[in-house]
Every structure is written in structure tokens, then in C-alpha cells.
Amino acid sequence: MTGFATPLTGYLLVAALLFAIGLAGALTRRNAILVLIGIELMLNAANLNLIAFWRYLPHPEALTGMMFAIFSIAVAAAEAAVGLGLVISIHRHAHTTDLDEMNRMKG
Amino acid sequence: MLEKADQLFVLLRDWVVGFLPPGWRDAAGVVLGVIGIVAVFPGLFAITTVLERKGLGRMQNRIGPNRTGPFGILQPIADAIKSLTKEDIVPLNADAVVHFLAPVFLVVVVFMGFAVLPVGRNMVLVDMDASLLFYFAMGASTEVSIFMAGWSSRNKYSLLGAMRAVAQMISYEVPLLMSSIVVVMMTGSLSLVRIVEAQNQYTWGLPHWYIFTPWGCAAFVMYAIAATAETNRSPFDLPEGESELVAGYFTEYSGFKFALFFLGEYLGMLSISGLGTTLFLGGWSAPLAALNWVPSWIWFFSKVMLSIVVLIWVRGTLPRLRQDQLMNFAWKFVVPMTLLNLMVAALWRFLGEGWARWVVCSAILVIVYVAAGRAGMRGKHFGPRTYRYAE
Amino acid sequence: MSFVFWLLAAITVAGGLAAVLLKNLVHCALALTVVFAGLALLFLQLDAQFAGFAQILVYVGAVAILVVFAILLTRSSETPKDGGVFSRTWGAGLAISAAVFAVLGWVVLQSEAGLPREISVPNVTVLQIGNALMGRYVLPLEIVALLLTAALIGAVIVAMHEKGDAK
């Protein structure tokens, strides 16, 4: 399985696959929480991409890739918290988390 | 000769590893270190169980176990035989895979935490640059296993116990980390080996342990409170309180899996005492410069066992806190005090050497503590009891 | 490419597939935890120790617990009554994500010539990261602090019981 020219290619393909899986999950599932799970998968795939590029490009001592990934982790955690708070609040109002049923703007 | 006693285990490992070809030596050294950890810490766990049962018994005016061996010291062997031969009952509705994996995950994660504790001079399994961060990452992972245990049992009491335990552990992660951050700030490194070496200096024969500074003492007290809550020990043991929730999140476990949970909980206690010793009590360094002839690993284990004895003592003495009381305590009292402690530690660094910084820093901490305590008590009424009945 | 990389990649992708395909939501959340752990190990493989440990601490220790709490508080752990777990428009979603993966994969494989070869292991100490955070990246650090405070207050307000609401 050494068809890849560089180690970087392997990491980028894994990240792309994980991103596609997360996107599929966010687009095809009915439950609102699974959409958030898909979003977390996409963010993680992007982080893997950042760290892989940091490792294999010249000047890793500038730490740009690692800093970007760390800030991304922090922001993603905040976004997960707010998103899940919203899902809980919607559930309290509409008594369901099924996205197919939430098709009107009128509350 | 004393140097040899101090480095006894290091020399032993080097001698054993010397029999192998050079390519295999590193891996074999690591394997021997792992075997050492897996042998020593469960042994300490066995001693802790006897100590706890006898100690609690004496505090409650009764004798603890005294049938198995003199003074009951062979009790752990009896307990081990019992839990290995008991029937392993899994409820019909339970989620079998998750039910099985929860105790395994807990024990694995807790053992990983032991890898970064410096047990003696040159005696760390893994010397990483960010070892304290690794330890806290492993500590945070134990919450997942507790949730897995509580949810997979499909039992209301288990789930309730698991939710309470996870909420409590997350709330007390913050004071635990914040009180350790002060130590990192004053040492300038996240590496536990470096932190112990920074405390291994002596002025007039007295050591530079961080507990002997005002900010270190305050941080140690808050670390101790947070550590007691992290390991679900009394007075924070509502999630596993026998009088409230049967046994909390491990109600549906029996036999060997229960023994694994028990092992995981007590190993967590040993691990967090080990970390507290490393951060605040000087790790493997001796209390007085004159006592440096005693091997370093003896000092480390004595300090850890002293912390365990204090934990058992606190368990036998204080009543249990209610869930909302302990969350209130964490967020409204301990976290602001840790933030204040950070600022006081910075002040300590900037006031320079001399007696002035001792007086100023101690004064700030004591005054704020007393004032905050008084303010917190003002709203409480201690009159005759009023009852509120369920409707 | 080493064996360890393939093993970790297989675990991570399998966990990701499980996270979006399983019926029971709590199993999905646990599979997500496996993905996070696998990614942390991949970070360690890439010599980014600080990012790897931060990933475990934040994602496994906090975000996974958050997802699980949300599943339990919205009672989504019970099986859905009708219609299954996939939405009516699942075909379009699958097609879009397959297209995205095709484009990304093609771009990566096509630009292989331009990607750099193996370079030496960077030796990054936590001291360097600390200096960078307080020096070059101090503005993003303060902005992230502000953002986290706003998110904390916002999440509490959004999820709070309002006065007079039926509980």
C-alpha cells in the first residue's frame, strides 16, 4: 500500500475522507444532534489537515499550523456548547429534535 | 552505597536489560517499567483497602476486619478471591458491549496516568515535555467511562448516579487545573520532572516545597478539595452514596467487573495523591537536607500514603455534601479563590526576595478567604427546621 | 507509510462511519469519542504533542460529554417511532458528500509532485508554544478568551428555563 508518493498525501486523504463522512452525516440524518456530530467531524478533519501541513512544510518552527489547530479546537468546543444549548432549547419548545418536522418558521 | 540504594531499581533494570542485544534494550526497559508500575500500585491499593477499613472502623468506634490474618492484613487476598469467584450478572436489557468496555476503559486510562509520575530520582516511565497536560488529559477521559457504565446498565439509579458523578467531575476539573497552573507558572515548565527538581533545593536545611509558600499552601488546599471531588470520595461521594443511590453508576456490576471499578477508583486516588505530592510536597525530595541519605522513592511513597491516610480520615469525619451544595461550592467559591491565587503568585514573583512578600501574600489570601466565607454564610438561617412536602 | 499510520487511519475512519450510520444515538456519541481519540493519536504521530493532548483534554473530556448530555436531556436515546433515522432527502446528501470527497481526493492526488518530501522532525517545546502564544499570537488569544466567555454566557442563557415556562 505504498502507492502514495509522500506521507503528507496519506494524511490529507484521511482528512478528506473524514470530512466527507462528516458532511454526509450532517446532511442525511434526521436528528439535530447528529448534525452537530457531523460538524464536529468536519472540524476535526480540518484540524488534521492543518497539523499535517505544519509538519511537512518548511519552517515548522514558526508554529503557525499548530497554533491554528489549537485555536480551532477552542472555538469548536465553544461552538459545540452553543449548538447543543440551542438543540436543548428547541426540544423544550417543540418536544422533538427531528429536523424533518421543523419545516416552518412559525414557532 | 546510599547512592546505590537510591538508584536501586534503575540499576536493576539496567542489569536485566544488559542481557539483551542492543536493539531490544529500550523497548525492554519500558516493558520492565510497566511491569513495575503494574506490580507496585495495585499492591499499594491492597494496603489502602485494609488501611481504610481498619481506619474507618476505629473512627466509628468499632474494630475493622480482624479475622483474616493478624489485624486483618490478609483481607485484600480474601477480597480478591471473593470478587474473582462471584457470578458475573449482566442485566437482560443492558447494552452488553458498552457494559463490558466501561471498567476496562477506566482501568486503562487510570494506569496511563501513572506513566508520568516521577517516583524517584531518574525514575519516570516517560519523560515528556508536557507531562502534566498528558496527566490531565487522562483524568478527563475517566468521565467517559463513568458515563458508559451508568448508561449501559439501563437502570434509572445508575444513570442518575452517572450524571451526578460526571457533572461533579467536570465542575471540579476547573479548580484542579487552576491550582496546578500556579505551580506551572512558578516553575516555568509543564514537565513533572522539572517541577520536582525545582523543589529539590534547600535553604538553611529547609526545602523549597511549594506547600511552604502562601500561594502554594492555598493552592494545595484547593487541589486537595478538587482531588477529593474528582475521585468521588467523601464528603463528595453523593454519586456512589450507599444510602442514596444503592451504589450509583456501578449498581449493576458484580464479580470481576466490580473489582475492576473498585481498583480503578482507588488507583485514581493513588494517582491523584501522587500528582499532588509531585506538585506541592516536593515529589521524591527529602524534608530536610540532612535526610538525603534515605532513598528518594521511599520519600515519594511515604508522602503518597500520608495523603491517602488524610483522605481516609476526611472520609470518616465529614458529612456528605448535597449535589447542589457541592456545585455551588465549586463554582462560586473555589474557582474565584484559584483565580485570586494566580494573581497572588504573580505578586509574589514581582515583590522580589525578602520577608515583605510573605506578609503581603499571606495577608491577601487570608483576608479574602475569611471575608468570602463570612459573606457566604450571611444568607443562611440556622433557626428551627422548616419542612417542604412533595405534592 | 508506516503500519501505525494505517491502523490509526482505519480506526478513525471506521469510528467516523459508525458515528454517522448507527441507529442508537449514544452509540454514535461513543463512536465519535473513538474518532477523537484516533485523531489525537494521529497528532502524536505527527509530532504535535501539545495539540494531541489538548485534543484529548478538550474533545474527549468535554465535547463528547456535552454531546452525551444533550442526547440524554432531549430523550433522543429512545428509538425513533417512524420513518427511520435518515431524512427524506438522504440521496442528495450522499451525492453531495461523495462529490466533495472526489474533488478533494483528486486535488490531493494530482498535486503530489508539488507536495514536499519527508523533512526532519521539528523539535517543538512547550516553552516555544508559550512564547508564541504570549508574543506573536497574543491578539488571537485574547479574542478567543472573549469568544469563550460570550459562548459560555450565551449557552447558559439559551438553555436556561425561562420564568413562567412549563417545566
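## Briefing on a three-chain model

C:Asp47 counts as partly exposed, because it has 17 C-beta neighbours inside 10 Å, a count that falls between the limits of 12 or fewer for an exposed residue and 20 or more for a buried one. The model in which this residue is found is predicted. Two pairs of chains are in contact, and chains A and C share the most contacts. Chain A and chain B, by contrast, do not touch.

**Overall form of chain B**

- Chain B contains 13 helices and two strands.
- The C-alpha trace of chain B extends over about 65 × 60 × 40 Å along its principal axes.
- The radius of gyration of chain B is 23 Å, which agrees with the value near 21 Å that a compact globule of 391 residues would have.
- Of the 391 residues in chain B, 40% are buried.
- When contacts in chain B between residues at least 6 apart in sequence are considered, 76% of them join residues at least 24 apart.

**Confidence in chain B**

- Chain B has a mean pLDDT of 87, and 98% of its residues reach 70 or more.
- Among the elements of chain B, the highest mean pLDDT (93) belongs to helix α9 of chain B, residues 214–230, and the lowest (79) to strand β2 of chain B, residues 206–207.
- Where pLDDT is low, the predicted coordinates should not be read in detail.

**Interface between chains A and C**

- Chain C contributes 70 residues to this contact, and chain A contributes 67 residues.
- On the side of chain C that touches chain A, the elements that give two or more residues are α1 (3–21), α2 (25–45), α3 (49–73), α4 (90–110), α5 (126–134) and α6 (138–159) of chain C.
- The most residues on that side come from α3(C), which gives twelve.
- The side of chain C that touches chain A comprises 54 nonpolar, eleven polar and five charged residues.

**Interface between chains B and C**

- This contact involves 18 residues from chain B and 15 residues from chain C.
- Two or more residues of the side of chain B that touches chain C are given by each of α6 (131–152) and α7 (156–187) of chain B.
- With eleven residues, α6(B) gives the most to that side.
- The side of chain B that touches chain C has 15 nonpolar residues, one polar residue and two charged residues.
- The nearest C-alpha atoms of chain A and chain B, which do not touch, are 14 Å apart.

**Helix α1 of chain C**

- The end C-alpha atoms of α1(C) are 27 Å apart, in agreement with the 27 Å that its 19 residues should span at 1.5 Å a residue.
- The buried residues of α1(C) are C:Leu8, C:Ala9, C:Thr12, C:Gly15, C:Gly16, C:Ala19 and C:Val20.
- Viewed down the axis of α1(C), these buried residues fall within an arc of 130°, so they line one face of the helix.
- The packing partners of the buried residues of α1(C) are α1 (7–28) and α2 (32–56) of chain A, together with α2 of chain C.
- C:Phe3, C:Leu7 and C:Ala10 are exposed residues on the face of α1(C) turned away from its buried side.

**Loop residues with positive phi**

- C:Asp47 is located in the loop between α2 and α3 of chain C.
- Although C:Asp47 is not a glycine, its phi is positive, at about 60°.
- B:Phe71 lies in the loop between α3 (25–59) and α4 (75–85) of chain B.
- B:Phe71, a residue other than glycine, also has a positive phi, near 60°.
- B:Phe71 counts as partly exposed because 13 C-beta neighbours lie inside 10 Å.

**A buried loop glycine in chain B**

- B:Gly282 is placed in the loop between α10 (256–280) and α11 (296–317) of chain B.
- B:Gly282 is buried, since 25 other C-beta atoms lie within 10 Å.
- Apart from its neighbours within four places in sequence, B:Gly282 is in contact with B:Val196, B:Gln199, B:Asn200, B:Pro207 and B:Trp209.
- B:Lys54 is 228 residues from B:Gly282 along the chain, and their C-alpha atoms are separated by 29 Å.

Notes: Residues numbered from 1 in each chain as written. Chains lettered and ligands numbered in written order. Predicted model: local features only at pLDDT ≥ 70, side-chain atom pairs only at ≥ 80, totals over all residues. Contact = placed C-beta atoms within 7 Å. Helix = DSSP H or I, 4+ residues; strand = E, 2+ residues; numbered from the N terminus. Nonpolar A, V, L, I, M, F, W, Y, C, P; charged D, E, K, R; others polar. Rg over C-alpha atoms; globule rule 2.2 N^0.38 Å. pLDDT = per-residue confidence, 0-100. Expected span 1.5 Å × (residues − 1). Arc of directions from axis to C-beta.
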